[in-house]
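Dear colleague,

Please find the structure below, together with the findings.

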Amino acid sequence: MNINLHIERLVLDGLPVAHHDGPLVQAAVEAELSRLLTAQGLAPGLLNGGAMPAVRGDSIQLAHGSSPSHMGTQIAQAVYGGLSK
């Protein structure tokens, strides 16, 4: 299975992310979400495609001073958790 994932816009409202770190968080989200989709696949209801107007993700816990990469990984895992339900 080939997975091409691109996030057009990622809104990080309320997260302690410097403006210049936004692209790093986005890249980490894309990489981790691609990894999870490749390794664990999609929920059966999504295998045939379809649109989802919203995804309610799992909660995340960020430690003070978390790196952009760590934030992006946690965000992706939360989104994947929402897609898997």
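How closely do the axes of helix α1 and helix α2 approach, and at what angle do they cross? The axes of helix α1 (residues 22–40) and helix α2 (residues 68–83) come within 7 Å and cross at roughly 40°. This makes α1 oblique to α2; angles under 35 degrees count as roughly parallel, over 145 as roughly antiparallel, 65 to 115 as roughly perpendicular, and the rest as oblique. Axes are lines fitted to C-alpha atoms, for helices over the stretch in contact, and angles run from 0 to 180 degrees between N-to-C directions. Helices are DSSP runs (H or I, at least four residues), numbered from the N terminus.

Please note that this is a predicted model, in which local features need pLDDT of at least 70 and side-chain atom pairs count only at pLDDT 80 or more, while totals for chains, interfaces and linings use all residues. Residues are numbered from 1 along each chain as its sequence is written, and side-chain values use heavy atoms, with hydrogens and water left out.

On the side of α1, the residues in contact (heavy atoms within 4.5 Å) include Val25, Val29, Leu33 and Leu36. On the side of α2, they include Gly72, Ile75, Ala76 and Tyr80. The residues of this contact divide into 12 nonpolar, five polar and one charged. Here Ala, Val, Leu, Ile, Met, Phe, Trp, Tyr, Cys and Pro count as nonpolar, Asp, Glu, Lys and Arg as charged, and the others, Gly among them, as polar.

**The nonpolar core**

A nonpolar core is a set of buried Ala, Val, Leu, Ile, Met, Phe, Trp, Tyr and Cys residues joined through side-chain atoms within 4.5 Å. Buried means under 20% relative accessible area, exposed over 50%, and partly exposed in between (1.4 Å probe, protein chains only). The largest such core has 10 residues, among them Ile7, Leu12, Val25, Ile75 and Tyr80. Helix α1 gives the most to this core, with five residues. Leaving aside neighbours within four places in sequence, Leu12 is in contact with Val17, Gly22, Val25 and Ile75.

**Individual residues**

Gln74 lies in helix α2 and counts as buried because its relative accessibility is 17%. By contrast, Lys85, in the segment after α2, is exposed, with a relative accessible area of 71%. Lys85 and Arg56 are 29 residues apart in sequence and 9.5 Å apart in space, C-alpha to C-alpha.

Yours sincerely

How values were computed
Helix = DSSP H or I, 4+ residues; strand = E, 2+ residues; numbered from the N terminus.
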